[in-house]
Amino acid sequence: MRTSRAKHLSRSAAVALPLVATLAVAGCSSSDDSAAGEVTYPTVPFTAPGEGISLGHDDQEIGDTIPEPVHVGEIDPIKSTDLLVVAGGFGKLELGVNALDPATGVAGSRFVVGPGIWDPVIHGFVGESPSDPAVLAAEVWRPRGSRGAATFAVSTYSGNLLEPSEAVLPDYARVHSRPGSNAVTSDGKYFVTWDDGLYGVRVVDLEAKKESGAVQIIGCGPFTWLDGHELYSVCEETRELIQISIDESGVPSETKRTKVLPEDFVSARKVTWAADAKKALLVSENGDVFVFDFSGGLPTETVAPIGNAGQDGGRFSENVIDNTGTRLAIEYTDSAIHPDSARGGSVVKLELHDAVTFAPVRTLDLPYLGLTGIDSTAFSVDGKTLYVLGDGPEVDGETAKTIVGVNAANGDKVSSVEVTGTVDDVGTLLTPQVLE
C-alpha cells in the first residue's frame with residue numbers, strides 16, 4: 001500500500017542493480033488505539049548512500065532505525081560510444097531499457113518505462129553528468145479501478161530515476177508511435193509528435209512540462225525529421241514535402257510546401273534521420289529508396305530515388321541511415337511476404353549501401369555475421385560502426401543474445417560479443433541522440 005505522495009514515484013521505480021538500487025524498504029507502523037482498525041504507512045525519504053553504504057552487490061548491516069533508511073544512487077550518463085537496448089516483446093505495459101557498450105556487450109544503466117503504445121516511443125540522449133536527460137518515453141499509465149482514468153505523459157529519466165521530469169498530456173493527445181513519427185529537438189527543449197487524434201503535429205515543452213501548441217495538417221505526415229525547430233515531412237497524395245516551423249513559444253505552424261516528389265511516389269510506415277547531415281531516409285513500400293537533403297531547407301527540384309531495395313526471393317524490412325548520411329543498411333527476410341505480416345519471414349541478411357549513390361558495399365548475411373537470427377540494427381553515434389543484435393550460435397539447444405560490430409566503410413566485421421548484464425531478453429537497438 002502506498003500513500004498518494006508515492007503514487008508517481010511508483011511509476012518510475014526503474015532502479016536496477018548494480019548501478020542504481022534501493023537496498024532497504026520502508027517498514028509499517030500501526031496507528032494509535034483511537035483509530036481502531038486503521039493503519040497508517042509513513043513516507044520514508046530516500047537519500048544518497050553515505051560512507052559504508054554499498055549499492056548493488058555487498059550486504060550492509062541492518063541498523064536499529066525502523067523503518068530503515070532508503071538509499072538510492074545515480075545513473076551513469078549515456079556515453080557517445082553507447083547504444084540503447086530495449087527489452088523484447090509486444091504489448092508490454094512496462095519495458096526495460098539499458099545503456100549498452102556494444103564493443104563489450106556489457107549493459108549499464110537500466111531504465112524502466114511504461115510505453116503502453118503500439119510501438120514503444122523511446123529516445124535516449126548522450127550525457128556528461130547523471131542529471132543530464134538520459135531517456136525520454138511517451139507513456140500511458142493505465143487506470144486501476146477507482147484510481148481514475150489513464151494518464152498520458154512524456155517522461156524524461158535521469159539522476160536517481162525516482163523523480164523523472166513528467167509532462168502530463170491532455171486527455172485527447174494520442175502520440176503516433178511508429179519510428180520516425182516523433183522526435184526531440186536538438187536543443188532538448190521540445191518533444192514533437194504527429195498525433196493520431198489530431199491528424200497533425202503536437203508539441204510538448206519539456207521544461208514547462210506541458211503541451212505548448214498543435215496544428216492540424218490533414219493528408220501529411222506522420223514523419224518528424226527535425227533540424228533545430230524546423231520539422232520536415234511528406235504529403236503522399238499531393239506529392240509534396242512540407243515544412244512546419246516551431247516558434248519561440250513552442251507553437252507549430254505550416255510555413256512552406258514544395259511539390260517535388262515523383263508522380264509514382266509511395267510513402268512508408270517507418271523512417272530514419274541522419275542528424276549531422278540533415279538527411280532523411282525513406283524506403284517506400286514499393287522499394288524506392290529516397291534520401292531527402294534538408295540541409296538547405298525544402299528541396300526545390302524534383303527528388304528522385306537513389307535506387308530500389310527490391311530483390312528476388314526475399315522482402316526488404318527495417319532500414320537505417322547513419323548520422324553522417326554516408327551509409328545506409330536495409331534488412332531482408334527469407335520470404336516475399338511483408339515482414340509486418342503475421343506470416344512474414346525471418347530477417348536473414350542486411351545490405352550495406354552508399355547513402356548517396358546506393359552502390360552496394362557488403363552483404364551481411366547470417367553466416368558472415370556469425371548469428372542464427374537478426375533482431376535489430378543501429379549505427380554508432382559517429383556513424384563509423386554498424387551494429388547488429390541477434391541470436392548467437394546454438395549451444396546445447398540454446399542461443400545467447402549477441403551484438404556484432406561491422407565497419408561501416410567497408411563492411412568488415414570488427415567485433416562480436418555476448419550481451420550481458422540485462423534483466424530482460426532484449427530485442428531492439430537505438431542510437432542515442434546528441435543534444436546541443
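View 1. T185 counts as buried because its relative accessibility is 0% (buried means under 20% relative accessible area, exposed over 50% and partly exposed in between, with a 1.4 Å probe and protein chains only). This is a predicted model, in which local features need pLDDT of at least 70, side-chain atom pairs count only at pLDDT 80 or more, and totals for chains, interfaces and linings use all residues. Residues are numbered from 1 along each chain as its sequence is written, and side-chain values use heavy atoms, with hydrogens and water left out. You will find T185 in the loop between strand 12 (182-184) and strand 13 (190-195); strands (E, at least two residues) and helices (H or I, at least four) are DSSP runs numbered from the N terminus. Setting aside residues up to four places away in sequence, T185 touches Y190, V192, L226, G228, H229, Q433 and L435 (contact means heavy atoms within 4.5 Å).

**View 2. T238, a partly exposed loop residue.** Here we move to the loop between strand 17 (230-235) and strand 18 (240-246), where T238 is found. T238 counts as partly exposed because its relative accessibility is 36%. The side chains of T238 and E240 make a polar contact at 2.7 Å (a pair of N or O atoms within 3.5 Å; within protein, one must be able to donate a hydrogen and the other to accept it, and residues adjacent in sequence count only if both atoms are side-chain atoms). Beyond its neighbours within four places in sequence, T238 is in contact with R257 and K259. From T238 to L261 the C-alpha to C-alpha separation is 8.7 Å, with the two residues 23 apart in sequence.

View 3. Three bridges link strand 16 and strand 17 in the antiparallel sense, and D227 stands opposite E230 in strand 17.

**View 4. The hairpin of strand 26 and strand 27.** Strand 26 (residues 347-354) and strand 27 (residues 360-365) run antiparallel and are joined by five bridges. E351 has T363 of strand 27 as its bridge partner. Five residues lie between the strands of this hairpin, in which F358 takes a positive phi near 65 degrees.

Terms used: Two strands pair if DSSP finds at least two bridges between them.
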